[in-house]
Structure formats: C-alpha cells, structure tokens
Amino acid sequence: MNVRVGPWSVRLAPRALLVTALLVVAGFCVTVAALSTGEFTVPVPDILDALFGQGTPVAELIVGKLRAPRVVTGLLVGAAFGISGAIFQSLTRNPLGSPDFIGFTAGASTGGIIAVVSGGSAATIAGGALTGCVVTAVLVYALAYRGGVQGYRLVLVGIGANALLVALNSYLLTRANINDAATAGAWLTGSLSGRGWDHALPVALALLVLLPVCAYVSRPMRMMEMGDDAARAMGIRVEIVRGAALTAGVLLSGVATAAAGPVVFVALAAPQLARRLTRSPGVTMGTSALMGAVLLTGADLAAQRLLAPTQLPVGVLTAAIGGTYLVLLLRKDRH
C-alpha cells in the first residue's frame, strides 16, 4: 500500500505495521512485569513514581537502581543483537549468517577471557570483548575477500574461525587459575544480572550512532539480496554498502556482547522470527530489533522467575530456546 505525503511516496505494509505494534505492546508488557514483580512487588501505578524519585525509598531502590537498569540494558542489547543478526543474514543470504555462527561472538569471548585472566576490571573486560569482536571481523573479512566478499564464502570462513576461537577459548580457560576460570565461565554464559546504567549507556550511544547507518544501507541491502550483479546494474555501490553494513553489524554485536556477555541465539532467531511474522520477502531491521528486545528481556524475566528464588543466567534460557528453534528451522528446510 503506497501513501503519498507531499512530494514523497511511502510504501506501507499493513501486516508489518501490525506486527510492529504488537511487538511494542509485548515489549511494554514485559518491561512492566520485570519492573513490578519479584521478591519485592511494586504496584504498577507506583512504578513511574519510583522511577522519578517520588515513591517510597524502598521502591526507588528496587525499581530505579536495580530493576530499571537491568531491563533497559536487556532491551538495548536485544535490539542490538537483532539488528546485527538481520544485517549478517541479509548480507550472506543465509538464515545461519549470524554473529554466533561466523565467529564474531567467539572473537568477543576470546577478548573477554583474555581480559579476565589478566585481572582486568569490568570496563577492561567490556573493552576486550569489543576489541576481540572487531579484530575477528577484520580477519574473517580479509580471509573471505577475493575481489569482493560472497555471502557463502563469508559464512564458511566465519564457521572455520568460530571453531578455532572456541578451541582457543577452551585452552585459555584450562590455563587460567580456578578463580579466573570461574569468573570467565560465568561471563561466557551471558547474563543481565547486576547490570547498571553504565552498561546500558554505551549500547544506547552505539545504537544512536549506528541506527542512521543501518537505515541508510537497508534499502541497498534488500537489492543486494538479489545478487551483486543485479545490484550493480541498479547503481548500487556494492562493496561500499557491504563495508558500511558489516562495520555497523560488527560494532553492534561487539557492544552488546561487551554489555551482557555472549548471549547466544538472539541474533540468529530474532530476524527469522520477525521475517516469518511479517511475511517479508527479506530481513527487516526494525522488526528484528523489536523482536530481539522482546526475546532477550522476556527470556531474562523467565530466567529470574521460573525457578525462583534461584535465578538462571539469561544465556542459559536463550540457548535452550535458540537450540530448539535451530532444530525446527533445519527440519523445515529439509522438507
């Protein structure tokens, strides 16, 4: 459906708009549930008062200092993973083309582990994770480049790099002392526990800077899904668009991993679930971001409440959900 607004014509997809609205509502409901429930229940009408410093001291501590930063970090990290997954799945034209499979998450894990065993602080670990992700992406891109980068070549090189980095991570853990190994193991699971505003702010800034880049390359990327030759025939500067998209995807994945650890399968599942719900012919970044935010925040809420008072790291639940989704995806593709 095309709508004219002055000299511009805007194409609207009613189903995509409906899915977007439902995801926004779902995100709002999950956020309210996460802020209000727990060992200390805060009535829904009192949440805003607590956030703006007008509630009781206990409610302000629970909501404003403990729960709100965790929820906001989850929403932002989930959105970053969702967009990153959408970028790589579009560039590779492969539903398995996510940071989890092509080595970038493993590279971030390597950087984080090195920072942990070196006795680094939380900020150092985050910086190590971001550095590891970027370095891995540069190496994978360089190895996959042959007068350009084809999607299947990027996936194959990335899978090989992922295997090598997983082996390196295991070696580093075996050489670390028991305390550092335990710390690194907990970080590698992926968790939102203890996250504060200092974790949410870098992800928010990254999204603020990189979302315009993603919006700019989204249309050319849709054309590139038909093949590089067809895109070039339509005037798309393929390598420039691919380079900009890869840079944005790598940085979003690295920053998200730095904030919450290598939470697996969100970047894989969110774009595909969004695509199936909207019935879009290609991967869409906006709905992928919303789906990632809802998935991660909802998984974290379930991880806190399912076995209460015991709390699970959110990475355990996303791995279980993602593994089930991957089996279903492969089974469907086989038929």
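The side chains of Arg 70 and Asp 300 meet in a salt bridge with an N to O distance of 2.9 Å, where a salt bridge is a side-chain nitrogen of Lys or Arg within 4 Å of a carboxyl oxygen of Asp or Glu. This pair links distant parts of the chain, since Arg 70 lies in helix α3 (residues 57-92) and Asp 300 in helix α12, 230 residues apart. The model is predicted, so that local features need pLDDT of at least 70 and side-chain atom pairs count only at pLDDT 80 or more, while totals for chains, interfaces and linings use all residues. Residues are numbered from 1 along each chain as its sequence is written, and side-chain values use heavy atoms, with hydrogens and water left out.

**Salt bridges**

- Glu 239 is classed as partly exposed because its relative accessible area is 24%, whereas Arg 242 counts as buried because its relative accessibility is 4%.
- Helices in this text are DSSP runs (H or I, at least four residues), as strands are (E, at least two), and they are numbered from the N terminus.

**Second largest pocket**

- About 410 Å³ of space lies in the second largest pocket; on a 1 Å grid over the protein atoms alone, a pocket is an open set of points with protein on both sides within 12 Å along at least five of seven lines, whereas a cavity is a set of points where a 1.4 Å probe fits but cannot get out, and lining residues have an atom within 4 Å of a point.
- Grid points are joined across faces, edges and corners, and a volume is the space filled by probe spheres set on the points.
- Of the 20 residues that line this pocket, the closest to its centre are Arg 67, Arg 70, Gln 304, Arg 305 and Gln 311, so that Arg 70, one partner of a salt bridge with Asp 300, also belongs to a pocket lining.
- The elements that give two or more residues to this lining are α3 and α12, and α3 gives the most, with six residues.
- The lining divides into seven nonpolar, six polar and seven charged residues, where Ala, Val, Leu, Ile, Met, Phe, Trp, Tyr, Cys and Pro count as nonpolar, Asp, Glu, Lys and Arg as charged, and the others, Gly among them, as polar.

**Cavities**

- The structure holds three cavities of 30 Å³ or more, and the largest cavity has a volume of about 70 Å³.
- The residues that line the largest cavity are Phe 265, Val 266, Ala 269, Leu 273, Leu 295, Ala 299, Thr 318 and Ile 321, and the elements that give two or more of them are α11 (266-278), α12 (285-305) and α13 (314-334).
- The largest share of this lining, three residues, comes from α11, and the lining as a whole divides into seven nonpolar residues, one polar and no charged.

- Leaving aside its neighbours within four places in sequence, Val 203 is in contact with Leu 76, Val 77, Ala 80, Val 255 and Ala 259, contact meaning heavy atoms within 4.5 Å.

**Positive phi values**

- Most residues other than glycine have a negative phi.
- Phi of Arg 93 is near 55°, and this residue, placed in the loop between α3 and α4 (104-117), is partly exposed with a relative accessible area of 39%.
- Phi of Phe 265 is near 75°; Phe 265 is found in the loop between α10 and α11 and counts as buried at 17% relative accessibility.

Terms used:
Buried means under 20% relative accessible area, exposed over 50%, partly exposed in between (1.4 Å probe, protein chains only).
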